[in-house]
Amino acid sequence: MDAIISGTELASDLAGPRPPVVLDVRYTLGGPPGRPEYDAGHIPGAAYVDLDAELAAPPGPRGRHPLPDPAVFGAAMRRAGVRADRPVVVYDAGQGWSAARCWWLLRYTGHPDVRVLDGGLAAWPGELSRTAPAAGDGDFAPVPGALPVLDADGAAALARRGVLLDARAGERYRGETEPIDPVAGHIPGAVSAPTTENLADGRTFRPAADLAARFRALGAAPGTEVGVYCGSGVSAAQEVLALEIAGIPAALYPGSWSEWVADPAREVATGEEPG
């Protein structure tokens with residue numbers, strides 16, 4: 001099953017006999033909620049999902065966007081109409097961060113058929129709607145564990161024995177700046193792999209062969225144990241999605257840098273090298 005879908009393919013599927021459930025997960029880190037954007041226009045029939053409230057638990061020692069309680073996540077997905085036997089397509093405003101977070105959570109909790117709209121809402125070729133659908137009658141019951149995850153100790157160990165990718169901007173990895181978390185730098189042994197380099201035009205993913213070549217140059221290839229982290233586990237999901245497109249399975253470290261630096265005993269590296 002492909003992990004991404006084009007706008008024209010989505011339009012065709014929605015007109016077909018087995019239309020997917022469509023989820024709008026527009027979100028801006030540190031910005032206003034995505035609900036006003038959704039209300040102003042969304043793919044017809046799409047249900048809005050709030051990343052902070054429904055795709056993450058409250059911030060704390062486990063990071064700024066810990067994994068949500070399965071009961072909270074499951075209730076949100078059922079309200080959105082998600083069913084275990086029906087495909088799901090998730091989109092955001094582009095770049096794929098928040099859409100990939102929802103994609104990853106659904107896959108992680110056992111949904112077998114989830115794709116991200118490549119290019120986000122801008123890729124949709126049809127009209128937009130301002131009408132929110134009624135609460136759905138979904139039946140999806142999440143069962144965590146279908147995809148690999150890392151905790152802080154696991155991420156540290158993977159950086160030594162495999163490839164741990166840091167999906168943040170290069171200047172944050174190097175420790176030159178840190179606009180969000182209290183400590184700058186990266187997990188020792190991690191390799192810089194900004195999510196922006198997964199995209200061809202700032203919105204759509206590069207072809208699978210290009211992504212595979214990119215990750216191979218970073219040491220990640222089929223058969224290599226790979227993990228990904230970012231600031232709080234959101235943009236890292238986009239990197240896991242890019243790796244999936246490239247045919248490379250990868251584990252997500254949900255707590256990411258925000259959890260790592262919550263414990264002052266954990267080592268921090270800076271500069272260009274993994275450390």
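**View 1. The largest nonpolar core of this predicted model has 54 residues.** A nonpolar core is a set of buried Ala, Val, Leu, Ile, Met, Phe, Trp, Tyr and Cys residues joined through side-chain atoms within 4.5 Å. Buried here means under 20% relative accessible area, with exposed over 50% and partly exposed in between (1.4 Å probe, protein chains only). The residues with the most contacts inside this core are L23, L55, M77, W104, L106, F215 and L241. Helix 5 (residues 97-108) gives the core its largest share, eight residues. Helices (H or I, at least four residues) and strands (E, at least two) are DSSP runs, numbered from the N terminus. A second, separate core has 16 residues, including L158 and I187.

Two notes apply to every view. Residues are numbered from 1 along each chain as its sequence is written, and side-chain values use heavy atoms, leaving out hydrogens and water. In this predicted model, local features need pLDDT of at least 70 and side-chain atom pairs count only at pLDDT 80 or more, while totals for chains, interfaces and linings use all residues.

View 2. Meet the surroundings of L55. Contact means heavy atoms within 4.5 Å. An open sheet of five strands has the order 1-5-4-2-3, with parallel pairing. Two strands pair if DSSP finds at least two bridges between them. The edge strands, strand 1 (4-5) and strand 3 (47-48), each pair on one side only. Strand 2 (residues 21-24) and strand 4 (residues 88-91) run parallel and are joined by four bridges. Look for L23, which stands opposite V90 in strand 4.

**View 3. Y38 and Y48 form a tilted aromatic pair.** Rings of Phe, Tyr and Trp (its six-membered ring) pair if their centres lie within 6.5 Å; planes under 30 degrees apart count as stacked, over 60 as edge-to-face and the rest as tilted. The centres of Y38 and Y48 are 5.5 Å apart and their planes are at 40°, so the pair is tilted. Y38 belongs to helix 2 (residues 35-40) and Y48 to strand 3, so the pair ties together parts that are 10 residues apart in sequence. Y38 and Y48 are buried.

**View 4. W104 and Y108 form a stacked aromatic pair.** Their ring centres are 4.6 Å apart, with 10° between the planes. W104 and Y108 both lie in helix 5, four residues apart, about one turn of the helix. W104 is buried, with a relative accessible area of 0%, and Y108 is buried at 13%.

Conventions: Lists of a residue's contacts leave out its neighbours within four places in sequence.
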